[in-house]
Amino acid sequence: MTEREKSIGLLALLAKGLIIHDKSRATATLGDRREYVGMSDICKGYECLRSAVLSKAGYTLEVQPEEIDGLNHKGDLARVLSILRKKITLQRGHWQEPGLQAAFESAGMKVMPQLEINVKAHGVPIKAHLDFVLVWAGERPAVRAIESKSYARLKSELYPSYEVQLYGQLGLLAAVWNQPCFAMRDSAGNLLFEGLTFPAAVKRQFGVDMPMSAQEVDIEGWVLGLSMEDARAYGPYQPNQTMLRTCLGIAEKIWAAMQAVYEGNATAAQLPYAKGFYPLCDYCDNCGDCPKFQGVEHPEYEEMLTRLSALKDTEKALKEEIEELEKRLKNAYSQCNANGDWILSGGQRFRVTDAAGRKTLDQAILRAELRTALNGDEVAVEGLLQRSTKLGAPSSRLYTGKIKPETMAQENIAA
Ligand code: SF4
């Protein structure tokens with residue numbers, strides 16, 4: 001066996017293990033996802049009903065562990081890497097959860113990981129899994145629901161669908177606080193308890209008393225975003241009736257569409273999909289034959305598109321390498337005590353200086369100031385803002401994307 005074959009073999013082994021582990025983890029902790037609508041389905045369905053329904057209804061083609069063996073023997077590194085990258089992206093959030101739990105517990109927190117809430121709303125079974133619930137009892141009882149998200153790079157703003165997911169969790173927590181809707185499992189999926197109210201669940205776990213009414217508790221939700229080297233807390237969010245109704249409405253739509261698909265009254269092509277730009281289309285398991293990307297055939301451009309795609313991959317890899325090197329050199333400079341002087345290195349030199357931040361106009365502050373200056377005359381404010389807004393020359397933008405045969409909806413999979 002060559003070294004190349006050995007290295008592909010190692011990556012293939014990892015890919016196969018991740019596929020098997022992901023399936024058993026999902027079955028043990030989430031059960032049969034076709035039997036209920038989960039908060040992550042609602043999160044997906046908020047942007048795209050088609051994607052939420054097809055992945056739930058089993059229309060998504062999943063790579064089977066046996067396929068990996070074939071790729072390994074063929075030496076198909078590209079396919080092994082493509083499967084591995086996707087699995088890592090999907091699973092790294094789960095890997096970080098035990099570490100976060102240990103950190104919260106080490107900081108003395110009372111933590112309930114993966115608290116489950118089971119409800120039925122308008123006949124639709126709904127389950128929410130809250131990543132971490134931190135509990136403070138005593139005179140000022142408080143609860144913090146934390147949803148952890150793993151990012152390659154942290155974003156300045158949350159995806160709206162993540163907010164919807166958190167609002168759904170908080171809304172349910174407050175709405176069924178004193179109803180026997182709460183359950184919890186250990187990391188292997190064994191049931192620790194079920195059918196308890198929230199105060200009873202807290203009493204069982206920590207032996208402390210919580211108020212019988214959610215109104216008496218300070219409840220907040222946060223999304224904790226983590227990348228490989230950075231963290232950001234997005235929030236706080238509070239339980240909100242309107243947002244809960246929105247979530248339950250999406251759950252109803254997902255459930256109804258699933259039944260229609262099962263009963264043969266709707267096909268994958270007929271389900272409503274996300275209109276306009278939606279960043280997660282690139283990662284969608286059902287993008288191969290999504291009506292959003294239907295068009296006319298012109299095979300003559302394939303070569304150019306393949307070359308462009310390869311160049312963009314190279315550009316991305318180069319940018320990442322440049323950023324990494326710049327970061328290392330900045331660190332090196334700070335350790336050299338050069339105090340603003342150049343550091344000479346062979347035939348080259350470098351130094352680090354402080355640059356002022358970019359100046360931008362805060363539209364919200366400007367609008368508020370103008371409103372005050374113009375005695376609240378909204379028409380005048382908007383007119384003034386419009387007259388001072390410059391529109392750049394229109395430009396064309398090229399969108400490209402790979403068509404992935406493995407993401408065609410599998411209409412023949414039985415419900
Ligand atoms: S490709 Fe985009 S629009 Fe189509 S199903 Fe997937 S997420 Fe929805």
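Author: Helix H10 (residues 363-373) packs against helix H11 (residues 378-387) at an angle of about 135 degrees, and their axes are 9 Å apart. H10 is therefore oblique to H11; angles under 35 degrees count as roughly parallel, over 145 as roughly antiparallel, 65 to 115 as roughly perpendicular and the rest as oblique. The axes are lines fitted to C-alpha atoms, for helices over the stretch in contact, and the angles run from 0 to 180 degrees between N-to-C directions. Helices (H or I, at least four residues) and strands (E, at least two) are DSSP runs, numbered from the N terminus.

This is a predicted model, in which local features need pLDDT of at least 70 and side-chain atom pairs count only at pLDDT 80 or more, while totals for chains, interfaces and linings use all residues. Residues are numbered from 1 along each chain as its sequence is written, and side-chain values use heavy atoms, with hydrogens and water left out.

The crossing of H10 and H11 is right-handed; a crossing is left-handed if the near helix is turned anticlockwise from the far one by less than a right angle, and right-handed if clockwise. On the H10 side, Gln 363, Leu 366, Arg 367, Leu 370 and Arg 371 meet Glu 378, Val 381, Glu 382, Leu 384 and Leu 385 of H11. By class, this contact of H10 with H11 holds five nonpolar, one polar and four charged residues. Here Ala, Val, Leu, Ile, Met, Phe, Trp, Tyr, Cys and Pro count as nonpolar, Asp, Glu, Lys and Arg as charged, and the others, Gly among them, as polar. Contact means heavy atoms within 4.5 Å.

Helix H1 (residues 3-30) has two partners to look at. With helix H4 (residues 65-74), H1 packs at an angle of about 175 degrees, the axes being 9 Å apart. That makes H1 roughly antiparallel to H4. From H1, the residues Glu 5, Ile 8, Gly 9, Ala 12, Ala 15, Lys 16, Ile 19, Ile 20 and Lys 23 meet Pro 65, Ile 68, Asp 69 and Asn 72 of H4. The contact of H1 with H4 has seven nonpolar, two polar and four charged residues.

The crossing of H1 past H5 is left-handed. Among the H1 residues that meet H5 are Leu 11, Leu 14, Leu 18 and Asp 22, and the H5 residues they face as a group include Leu 84, Lys 87, Ile 88 and Trp 95. In total, the contact of H1 with H5 divides into 14 nonpolar, three polar and four charged residues.

One pair in this contact can be followed residue by residue. Leu 18 lies in H1, while Lys 87 lies in H5. Their C-alpha atoms are separated by 6.8 Å, although the two residues are 69 residues apart along the chain. Leu 18 is buried, with a relative accessible area of 8%; buried means under 20% relative accessible area, exposed over 50%, and partly exposed in between (1.4 Å probe, protein chains only). Lys 87 also counts as buried, because its relative accessibility is 17%. Leaving aside neighbours within four places in sequence, Leu 18 is in contact with Leu 84, Lys 87, Ile 88, Gln 91 and Trp 95. With neighbours left out in that way, Lys 87 is in contact with Leu 18, Ile 19 and Asp 22.

Helix H2 (residues 39-47) can be described by its buried residues, which are Met 39, Asp 41, Ile 42, Cys 43 and Gly 45. These pack against strand E1 (37-38), helix H3 (49-56), strand E3 (124-136), helix H6 (160-175) and helix H8 (241-262).

The setting for these helices is a chain with eleven helices and ten strands. Its C-alpha trace spans about 70 × 70 × 50 Å along the principal axes. Of its 415 residues, 35% count as buried. Among contacts in the chain with a separation of 6 or more, 64% are between residues 24 or more positions apart.
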